[in-house]
Structures are given as structure tokens and as C-alpha cells.
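Hi,

Here is the structure I said I'd pass along.

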Amino acid sequence: MTCDTSLPPSKRLLQWFHDLDSCLVAFSGGVDSSVVAKAAVLALGEKSFAVTAKSPSVAERDLRIAQETAEVIGIRHEVIETAELNRPGYVANAPDRCFHCKSELYDHLSAIRARYESAVIVNGANLDDRGDHRPGMIAATNAGVRSPLLECEIDKSTLREIAKAWDLPVWDRPASPCLASRIAYGVEVTPERLKMVELAEETLRSLGLRDLRVRYHDGDLARLEVPLESIAWLAQPETRETLAKRLTEIGFKFVTLDLGGLKSGSLNQLIQVSLDKK
């Protein structure tokens with residue numbers, strides 16, 4: 001499992017897989033894990049398989065896309081139910097929440113791996129993930145999970161180019177992390193709050209938006225993040241009133257529009273705020 005960095009990115013990724021006997025892909029259906037799954041199929045064929053988690057933390061839309069994408073890729077695919085909401089560390093929603101979520105997933109994958117001798121578990125972490133707050137990476141290391149994109153020094157923009165060249169339908173799909181990532185740290189994760197976020201984001205998509213986040217803050221407050229160019233349109237009276245009415249029906253008591261626009265991982269700013277208070 002080595003990468004010759006003198007090779008083009010797609011070829012070095014395929015080279016990485018050629019050294020494996022078989023592999024199990026932690027598959028979300030996003031562009032990262034889709035490129036990994038496609039590379040596994042191209043290099044290993046029937047010796048590759050993918051597993052997707054189903055839980056209240058995963059939007060029904062994302063699960064459907066994962067199933068459809070796995071079929072396009074042609075990889076054997078299994079959907080399993082995970083129970084991260086049974087883990088106190090996950091429900092407490094401290095900044096290490098993702099560690100508990102990924103630990104739950106990798107425990108399940110390790111059990112599945114036992115069916116397949118010599119299978120290596122791989123995920124979709126890429127080079128850009130190194131500089132972000134990613135406690136899930138610690139869970140991956142603890143479970144012996146490998147990250148071929150990271151090890152082959154492939155970043156997000158490059159893997160999107162690979163996905164497009166391989167005709168993957170998700171090549172330009174916006175990032176879609178789990179629903180719990182929308183809930184502000186320190187606010188308990190519950191099935192009800194996860195569903196509120198899911199329904200609110202589907203409401204925004206029904207208005208034609210594609211890249212968005214609905215952040216849940218204490219007190220049933222929704223903070224909407226959309227691209228800067230969409231803010232003025234969303235604030236127009238008719239659109240604003242329709243949106244506020246629907247989100248109130250979903251269960252939010254307050255609906256706010258973030259004038260700073262969409263920022264991936266914006267809740268991570270609260271981690272530094274918490275540290276500064278200590």
C-alpha cells in the first residue's frame with residue numbers, strides 16, 4: 001500500500017489498492033468515499049465492498065444517494081444500523097462528538113470485517129482534512145482504518161476532478177456531513193433535534209438552494225447558512241415569510257439568517273470560544 005507521488009493522482013490511488021487482498025469501504029455516498037469505492041472496484045473488483053450507516057444522524061436523502069451511487073459504482077453494498085445515540089459521549093455533544101460517532105461505526109465495520117479474511121477498512125479522509133478539527137480521525141487510527149486519499153496526498157479539488165473523469169454522479173455534490181454536525185456543541189443530540197434539522201434543510205432545498213446548512217442552537221434557534229449571493233433573495237418578504245412559517249411548524253422557536261454566509265464547520269469556532277473562557 002504505497003503511493004508513487006510521481007504518478008498522476010488517479011493512478012497512484014489505484015496503485016495503493018492493488019497491494020490489498022480485499023477492502024471494506026466506509027461509504028457515505030459523498031464524493032470522497034465514492035472515489036475511494038470506485039478505485040477499490042477498479043483495482044480489486046469483487047474483493048471490494050462498501051458499508052453505509054443508517055441512523056437518525058443520517059438524512060434519508062443522503063442514505064438514498066449512497067444507495068444509488070453504490071449501484072452506479074458497481075460495488076457490493078450493505079446498509080447497517082448504528083446506535084451512536086446510545087453512547088453518552090455522542091449525546092453530550094462535546095467537541096469530541098465525532099470520535100464517538102466514528103467509534104460506533106468502526107466497531108460495526110470491524111465486526112463485518114471478520115467475515116472477510118485480510119480485508120482492510122478504508123475511509124474517505126483526504127489531504128484537506130488534516131488541518132481541520134477531526135476527532136473522528138483518532139477513532140480511525142484506533143480502529144486501524146486506512147485513508148488512501150490522505151496517504152496518496154489527494155486533496156478535495158483533485159478528487160473532484162477524479163470523480164468527474166470517472167463519471168461519478170456525485171462529483172460536484174456539496175459536502176453533506178451528518179446531521180449532528182449542525183447542532184451546537186454542548187447542546188444534547190436527540191432524535192427530535194436531528195429530525196428538525198433534516199426537515200429544515202429539505203425545506204431550503206425545496207426553494208432551490210443546493211449548498212446550505214441549518215445550525216441548531218440552544219432554545220430551538222435555527223441559524224441558516226447559505227451562499228452570500230443567496231442571502232438577499234432569502235430575505236425577500238415572500239420567501240422569508242414562507243421559510244419562517246415552515247421552520248416554526250417544524251419546531252423552531254426562532255429563525256435567523258447568518259449574514260456571514262455559508263461556512264463549512266462554522267460551529268468549530270465555538271471550540272475556541274470555550275477554550276478562551278477557561
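First, something to check in your viewer: is the crossing of α5 and α6 left-handed or right-handed? Bear in mind that this is a predicted model. The crossing turns out to be right-handed. Helix α5 covers residues 97-113 and helix α6 covers 136-143; their axes sit 7 Å apart, at an angle of about 35°. On the α5 side the contact is made by C98, F99, K102, S103 and Y106, and they meet G136, I138, A139, A140, N142 and A143 of α6. By type, that contact splits into seven nonpolar residues, three polar and one charged.

In soluble globular proteins, nonpolar side chains tend to be buried together. The largest nonpolar core here has 31 residues, and the members touching the most others are L13, F17, V25, F27, V35 and I75. Several elements each supply at least two residues: α1 (9-18), β1, α2 (31-44), α3 (60-73), β4 (119-122) and α8 (156-165). The biggest contributor is α2, with nine residues. There is also a second, separate core of 27 residues, which includes A200, L234, L243 and F252.

Two other spots I clicked through:

- C23 is in strand β1 (residues 22-26). C23 counts as buried because its relative accessible area is 0%, under the 20% cut-off. Apart from neighbours within four places in sequence, its contacts are F17, A40, L44, K47, S48, F49, A119 and V120. Its C-alpha lies 9.6 Å from that of V41, 18 residues away along the chain.
- L168 is in the loop between α8 and α9 (191-206), yet L168 is buried, at 2% relative accessibility. Not counting residues up to four places away in sequence, L168 touches S34, V35, K38, I73 and A163.

On annotation, an unreviewed UniProt entry places the feature "domain: NAD/GMP synthase" at residues 22-84. In the model, that span is 44% helix and 29% strand, and its end C-alpha atoms lie 27 Å apart.

That's what I have so far.

Cheers

Notes: Residues are numbered from 1 along each chain as its sequence is written. This is a predicted model: local features need pLDDT of at least 70, side-chain atom pairs count only at pLDDT 80 or more; totals for chains, interfaces and linings use all residues. Side-chain values use heavy atoms; hydrogens and water are left out. UniProt positions are given in the numbering used here, feature names are shortened, and annotations may be inferred rather than shown by experiment. Helices (H or I, at least four residues) and strands (E, at least two) are DSSP runs, numbered from the N terminus. Buried means under 20% relative accessible area, exposed over 50%, partly exposed in between (1.4 Å probe, protein chains only). Contact means heavy atoms within 4.5 Å. Axes are lines fitted to C-alpha atoms, for helices over the stretch in contact, and angles run from 0 to 180 degrees between N-to-C directions. A crossing is left-handed if the near helix is turned anticlockwise from the far one by less than a right angle, and right-handed if clockwise. Ala, Val, Leu, Ile, Met, Phe, Trp, Tyr, Cys and Pro count as nonpolar, Asp, Glu, Lys and Arg as charged, and the others, Gly among them, as polar. A nonpolar core is a set of buried Ala, Val, Leu, Ile, Met, Phe, Trp, Tyr and Cys residues joined through side-chain atoms within 4.5 Å.
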